[in-house]
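Here is a short report on one protein model, written for a reader who wants the local geometry and the contacts.

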Amino acid sequence: MPNNHLYDHDIVSIKDFTKQDLEFIFRSTDKISTLRPNEKSELGKGRTLGYIFYEPSTRTRMSFEAAMASLGGSSIGIFDPKSSSIEKGESLADTIRIIDLYSDVIILRHPLDGSSRFAGELSRNPIINAGSGSEEHPTQAMLDLYTMLKEKKKINNLTIGIVGDLKYGRTVYSLLYALANYNVEVHLISPSILGIRKESIYDIRKKLKLYEHSQLEDILPKLDVIYVTRIQRERFPDIQEYEKVKGTYTIDNNILTKAKPDVSIMHPMPRMEEISHSIDDTNNAIYFKQAAYGKELRAALLALVLNENPI
Ligand code: CP
């Protein structure tokens with residue numbers, strides 16, 4: 001194994017990770033997930049994960065907690081800001097300083113872009129960005145690529161469609177930056193008002209083969225992976241604009257009949273009406289596996305952040 005660059009470091013942006021770093025994380029995930037429980041539970045023994053979620057979460061928070069438990073550690077945190085002193089007006093800076101006193105690694109989700117970078121500057125212990133504004137969700141991108149690697153057996157040479165809310169969906173930006181390390185073809189499919197923010201992909205526009213569409217059917221038969229995203233109602237300044245575009249795309253059995261037989265449907269979740277429940281039991285639907293890989297990948301990240309030589 002090469003040197004562990006993650007040890008005692010923040011995970012703030014996917015842009016800070018090279019292809020070598022990502023592949024090191026994927027190999028580490030493979031190794032750590034196959035350790036015997038007694039070996040695995042040494043990696044976080046006596047250590048505490050502290051979390052603060054200023055926005056709701058199911059998967060990210062619970063997979064980090066479950067991952068920490070699998071490493072023999074414990075978790076404390078705030079998932080309902082209204083039940084904490086944040087409700088009394090305590091600042092993000094003071095909240096971070098306090099949780100830093102009680103934990104060894106901090107997981108932060110916050111509605112502002114740059115919040116995790118700011119927290120990392122204040123905290124002695126490593127900060128892991130669990131979603132910042134509409135900017136980044138780096139551990140989601142890592143688990144998305146890990147899912148492709150496990151389920152498609154490769155990342156290079158995949159043709160990937162990313163469908164839905166490309167304007168506000170933070171997972172999309174982290175995913176595109178991660179994919180820019182690979183030789184992939186990416187098709188962005190969205191209503192025009194939810195198109196990609198060009199300025200946010202400026203650095204990678206020449207590295208990725210990127211194509212934009214408004215109709216999924218235009219490109220559907222070519223796709224190896226369809227990465228579906230939720231239209232982010234909570235980020236629309238005008239709810240009437242949301243009403244115009246909600247339900248634009250729905251992946252259902254009709255769509256699957258026009259796609260490659262082995263197309264994989266991914267979604268960072270939660271899903272709304274953009275994926276029909278009727279396809280959940282097909283081999284194409286891998287979004288629950290994706291959520292399961294999230295726990296394994298996050299266990300590896302915690303092990304790497306907390307230990308200089310975990311494996
Ligand atoms: N994918 C994701 O971030 O899910 P949660 O919002 O439930 O954490």
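Arg 47 is in contact with Met 68, Gly 73, Ser 74, Asp 104, Leu 306 and Asn 307, leaving aside its neighbours within four places in sequence. Contact here means heavy atoms within 4.5 Å. Arg 47 is found in the loop between H2 and E1. Helices (H or I, at least four residues) and strands (E, at least two) are DSSP runs, numbered from the N terminus. Arg 47 has a relative accessible area of 26%, so it is partly exposed. Buried means under 20% relative accessible area, exposed over 50%, and partly exposed in between, with a 1.4 Å probe and protein chains only. The C-alpha atoms of Arg 47 and Gly 73 are separated by 5.1 Å, although the two are 26 residues apart along the chain.

This is a predicted model; local features need pLDDT of at least 70, side-chain atom pairs count only at pLDDT 80 or more, and totals for chains, interfaces and linings use all residues. Residues are numbered from 1 along each chain as its sequence is written, and side-chain values use heavy atoms, with hydrogens and water left out.

Gly 44 sits in the loop between helix H2 (37-40) and strand E1 (48-53). Its relative accessible area is 0%, so Gly 44 is buried. Leaving aside neighbours within four places in sequence, Gly 44 is in contact with Met 68, Leu 71, Gly 72 and Gly 73. Gly 44 and Met 68 are 24 residues apart in sequence, yet 6.7 Å apart in space, C-alpha to C-alpha.

Met 68 is one of the buried residues of H3; Phe 64 and Ala 67 are also among them. How far apart are the end C-alpha atoms of helix H3? They are 16 Å apart, which agrees with the 16 Å that the twelve residues (59-70) should span at 1.5 Å a residue. The expected span is 1.5 Å times one less than the number of residues. Gly 72 follows H3 and has a positive phi, near 85°.

**Backbone exceptions**

Most residues other than glycine have a negative phi, and most peptide bonds are trans. Asp 8 has a positive phi of about 60° although it is not a glycine. Asp 8 lies in the segment before helix H1 (19-33) and is partly exposed at 49% relative accessibility. Lys 153, also not a glycine, has a positive phi of about 70°. Lys 153 lies in the loop between helix H6 (138-152) and strand E5 (159-163) and is exposed at 67%. The peptide bond from Met 269 to Pro 270 is cis, with omega near 10°. Pro 270 is in the loop between strand E9 (264-266) and helix H10 (287-306).

**Strand E6**

Is strand E6 enclosed or open? Five of its five residues (185-189) are buried, so E6 is largely enclosed by the rest of the structure. In a regular strand the side chains alternate between the two faces of the sheet. In E6, Glu 185, His 187 and Ile 189 are on one side, Val 186 and Leu 188 on the other, and all are buried. E5 and E6 run parallel, joined by five bridges; two strands pair if DSSP finds at least two bridges between them. Ile 162 stands opposite Leu 188 in E6.

**Salt bridges**

Side chains of opposite charge can pair when their charged atoms come close. A salt bridge is a side-chain nitrogen of Lys or Arg within 4 Å of a carboxyl oxygen of Asp or Glu. By this rule the count comes to 18 salt bridges. The table gives some of them.

| Pair | N to O distance |
|---|---|
| Asp 30 and Lys 150 | 2.9 Å |
| Glu 185 and Lys 222 | 2.8 Å |
| Glu 296 and Lys 40 | 3.7 Å |

Glu 296 lies in helix H10 and Lys 40 in helix H2, so this pair ties together parts that are 256 residues apart in sequence. Glu 296 is partly exposed, with a relative accessible area of 22%, whereas Lys 40 is buried at 9%. Glu 185 is buried at 17% relative accessibility. Its partner in the salt bridge, Lys 222, is partly exposed at 42%.
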